[in-house]
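This report describes selected features of a predicted model.

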Amino acid sequence: MLQSGLDKDFPELDLNVAPLGIFGKRVKDDVLLRDQDRIEIYRPLLIDPKEARRKRVGKTK
């Protein structure tokens, strides 16, 4: 991941400790990638999804 250059586009990401996944499944950072793998970098949530939905629903009433 460090060779990807993503740290330049997203300086808030710490690629040394960020959890990784492939197609929605968490993997270690030393997993061997295959052709067509979709690599995901997970970040902490800023707001609980349930709370965000409650706020959206409350605004529409």
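## Salt bridges

Glu 40 counts as buried because its relative accessibility is 14%, under the 20% limit for that class. Its side chain meets that of Arg 38 in a salt bridge, with an N to O distance of 2.5 Å. Arg 38, in turn, is partly exposed at 45% relative accessibility.

The structure holds two salt bridges. Besides the pair formed by Glu 40 and Arg 38, the side chains of Glu 51 and Arg 54 meet at 3.2 Å, N to O. Glu 51 and Arg 54 lie three residues apart in helix α2 (residues 49–60), so about one helical turn separates them. Glu 51 is partly exposed, with a relative accessible area of 32%, whereas Arg 54 counts as exposed at 52%.

## The antiparallel sheet

Three strands make up an open sheet with antiparallel pairing, in the order β2-β1-β3. Because β2 and β3 stand at the edges with a single partner strand each, one side of each has no neighbour in the sheet. On average, neighbouring strands are turned by 40° against each other, direction ignored.

Strand β1 (residues 20–22) pairs with β2 in the antiparallel sense over three bridges. Within this arrangement, Gly 21 stands opposite Arg 26 in β2.

## A nonpolar surface patch

Val 31, Leu 33 and Ile 39 form a nonpolar patch on the surface, and together they have about 230 Å² of accessible area. Val 31 is located in the loop between β2 (25–27) and β3 (39–41). The relative accessible area of Val 31 is 37%, so this residue is partly exposed.

Note on methods: Residues are numbered from 1 along each chain as its sequence is written. This is a predicted model: local features need pLDDT of at least 70, side-chain atom pairs count only at pLDDT 80 or more; totals for chains, interfaces and linings use all residues. Side-chain values use heavy atoms; hydrogens and water are left out. Patches are made of residues with over 30% relative accessible area and no salt bridge: like charges are joined within 9 Å, nonpolar side chains (Val, Leu, Ile, Met, Phe, Trp, Tyr) within 5 Å. Accessible areas come from the Shrake-Rupley method with a 1.4 Å probe; for residues, only the protein chains shown count as cover. A salt bridge is a side-chain nitrogen of Lys or Arg within 4 Å of a carboxyl oxygen of Asp or Glu. Helices (H or I, at least four residues) and strands (E, at least two) are DSSP runs, numbered from the N terminus. Buried means under 20% relative accessible area, exposed over 50%, partly exposed in between (1.4 Å probe, protein chains only). Two strands pair if DSSP finds at least two bridges between them. Axes are lines fitted to C-alpha atoms, for helices over the stretch in contact, and angles run from 0 to 180 degrees between N-to-C directions.
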